[in-house]
Amino acid sequence: MEDIEDVLGPAGLAGGGAPPGLRLPLSTVAVKPKRRSSRVAQTPPQPEARIPGTQVTPSLALTCGLLRHDPCDLTCATSLVLSVLQTIYVKTFGCSHNQSDSEYMSGQLSAFGYAITEEPEGADLWLINTCTVKNPSQSAMTTLISKCKNANKPLVVAGCVPQGSQGLKELEGISIIGVQQIDRVVEVVEETLKGHEVRLLSRKTLPSLDLPKVRKNKFIEILPINVGCLGACTYCKTKHARGHLGSYTIDSLVGRVKTVVSEGVREIWLSSEDTGAYGRDIGTNLPNLLNAIVAELPVDRSTMLRIGMTNPPFILEHLKEIAAVLRHPCVYSFLHVPVQSGSDAVLTAMNREYTVGEFRKVVDTLCELVPGMQIATDIICGFPGETDEDFAETVNLVKEYQLPQVHISQFYPRPGTPAARMKKVPSNDVKKRSRELTSVFESFSPYQGMEGKVERIWITEIATDGVHLVGHTKGYIQVLVIAPDSMLGTSADAKITSVGRWSVFGEVIEGSVVVGEAPKQTSNEPQKEQKQNQVEEAGCCGTESCGTCVCSDTVQHCGAEQCRNTPDAPQTSGDVDRQEAIQSTLVRRNVEGLTKAGESIAAAPSVGKEQQVDLVTRRGVSVDTILWCGLAVSFAVTVALLLLLTGKISSTSSY
């Protein structure tokens with residue numbers, strides 16, 4: 001059965017084999033055939049139902065199956081219709097790479113007819129996509145697993161935890177799916193709903209970039225460019241899950257960029273465990289990829305590119321080429337470069353393969369060559385062996401550069417890593433150092449002096465306060481403006497009116513709004529920001545503030561105490577808080593329907609070039625009503641055809 005390691009029945013069948021009669025499809029899932037006999041299991045699938053990213057609508061599948069008088073087709077179609085009646089609760093922990101995986105899994109489930117929900121209580125199955133960066137994220141996963149078991153819900157656990165810790169006690173008796181098996185999530189969900197335990201963990205080729213996808217935010221495409229990394233950090237658990245470097249080809253990535261741009265995406269986030277290492281396994285490099293992608297971005301600057309996290313070693317030899325790309329009008333002048341410590345001795349113990357001097361070279365060169373360059377970094381406090389002198393060097397580095405984003409974390413020993421066996425710094429000292437460094441960082445005012453300036457901003461999100469829209473400058477500085485929802489997906493000039501510690505506030509200048517080419521959508525209504533695949537940040541849970549993946553870097557909390565993976569309301573100083581309160585009183589955005597999970601469903605994907613699934617939130621019409629009416633019609637047609645078929649069979653038998 002291909003690479004299924006273990007399939008167990010509800011009674012816990014032993015032997016590592018499948019229960020009698022169990023069969024899973026051997027290629028990309030579209031419609032699951034009936035389990036009849038070995039002859040049926042060997043029957044080649046119908047080509048039209050096996051094209052990745054396509055689907056057959058429930059009513060059409062039923063009708064076609066019945067007209068062909070094929071019992072197997074009828075069973076397949078019936079299975080598809082039944083899946084429409086079931087909902088899947090998807091919970092995501094960790095980095096933007098994990099978020100992208102969840103979007104792909106949700107897309108496939110939606111294409112197969114399942115509804116994705118953010119309400120766990122009413123769901124038929126829970127799908128938890130996990131993060132193994134540090135203890136809090138895994139503890140949150142364990143808590144959620146316990147809640148699911150107590151609620152007696154079928155459960156599938158995906159992501160880095162099951163892939164990197166297959167023998168974990170909490171995963172016993174649970175269906176699990178690995179990081180490179182996300183294209184088979186429908187199989188796993190179906191069998192789990194039947195009461196079987198399925199374990200898919202064997203590594204294979206990279207999942208296709210053209211699978212159906214349900215984006216958390218319609219305007220943002222998270223594009224994984226590679227998996228794994230070339231490093232061997234002594235504290236890293238994610239390497240156990242994501243493995244060695246595996247890069248997508250430039251052609252496949254450029255093709256994906258063309259597709260998402262045509263669909264109206266306004267931001268493309270390049271994501272990976274280490275962006276700078278891209279291509280070293282396939283004979284190319286990051287500058288080659290970036291230049292190829294930039295060439296496909298619209299000249300009207302309607303779609304912006306954001307480069308993901310890169311460790312210093314693999315960007316040093318390409319600094320000038322990277323700087324040239326960061327200066328491009330369609331690329332954010334922003335980069336996340338983790339330093340982790342200001343001490344060379346600690347970096348050596350971490351096996352980070354660079355020095356503090358090399359980190360300085362990266363930052364100094366980029367800031368010199370790229371106007372308005374913004375750098376974010378990560379720091380781990382209390383790594384084993386860190387002395388007071390080592391920590392003082394870290395504090396001095398933070399004071400010297402005063403970077404606008406510093407993600408500060410306490411050290412967490414992860415089981416199975418070399419650092420877990422090193423002599424630990426006393427926990428009280430670790431906490432004290434973390435508080436001290438946070439206090440130093442929060443004493444800076446990185447956006448001071450921006451008042452009165454006019455900045456071009458790209459608007460893609462609604463803040464959780466329901467009042468502001470969230471835009472970003474060329475340097476990816478967050479700007480909060482009060483404007484109509486129709487400005488989502490546009491860019492405009494904004495005058496900065498005030499600054500806070502973590503964000504700045506602005507006013508859109510009338511007449512400056514630029515709208516890109518109208519997106520090619522299968523729906524007649526614009527898609528709102530979705531919460532179905534909300535990223536759970538367990539203390540920022542291993543993510544960096546801009547959302548790119550830092551799985552290979554242990555981080556606990558953003559220095560800004562927020563993560564831009566979600567459009568959090570800003571944390572501001574006193575004056576700004578008062579201004580926001582006044583604005584909230586005078587102008588309150590109507591976000592009805594935006595936060596109502598009951599009005600969010602998976603829109604049917606277009607069968608064509610895009611092969612893309614989006615979630616649509618409708619305001620005026622109850623989508624649930626439309627769905628149930630459609631199901632009723634399909635059921636009525638099915639019954640009528642069954643009666644007709646039965647009559648014909650009976651009349652034939654009478655002869």
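These questions and answers cover helix packing in a predicted model.

Local features need pLDDT of at least 70, side-chain atom pairs count only at pLDDT 80 or more, and totals for chains, interfaces and linings use all residues. Residues are numbered from 1 along each chain as its sequence is written, and side-chain values use heavy atoms, with hydrogens and water left out.

Reader: How are α14 and α15 oriented to each other, roughly parallel or roughly antiparallel?
Author: Helices here are DSSP runs (H or I, at least four residues), numbered from the N terminus. The axes, lines fitted to C-alpha atoms over the stretch in contact, are 10 Å apart at about 20 degrees, on a scale from 0 to 180 degrees between N-to-C directions. Angles under 35 degrees count as roughly parallel. So α14 and α15 are roughly parallel.

Reader: Which residues of α15 make the contact with α14?
Author: Contact means heavy atoms within 4.5 Å. From α14 come Asp388, Phe391, Thr394, Val395, Val398 and Lys399. Their partners in α15 are Arg433, Glu436, Leu437 and Val440.

Reader: Which residues of α11 does α10 meet?
Author: The axes of α10 (residues 286-294) and α11 (residues 319-326) come within 10 Å and cross at roughly 20 degrees. α10 contributes Leu286, Pro287, Leu290, Asn291 and Val294. On α11 they meet Glu321, Ile322 and Val325.

Reader: Which residues of α13 are buried?
Author: Buried means under 20% relative accessible area (1.4 Å probe, protein chains only). The cover over them includes α11, α12 and α14. The buried residues are Val356, Phe359, Val362, Val363, Thr365 and Leu366.

Note on methods. Helices (H or I, at least four residues) and strands (E, at least two) are DSSP runs, numbered from the N terminus. Buried means under 20% relative accessible area, exposed over 50%, partly exposed in between (1.4 Å probe, protein chains only). Angles under 35 degrees count as roughly parallel, over 145 as roughly antiparallel, 65 to 115 as roughly perpendicular and the rest as oblique.
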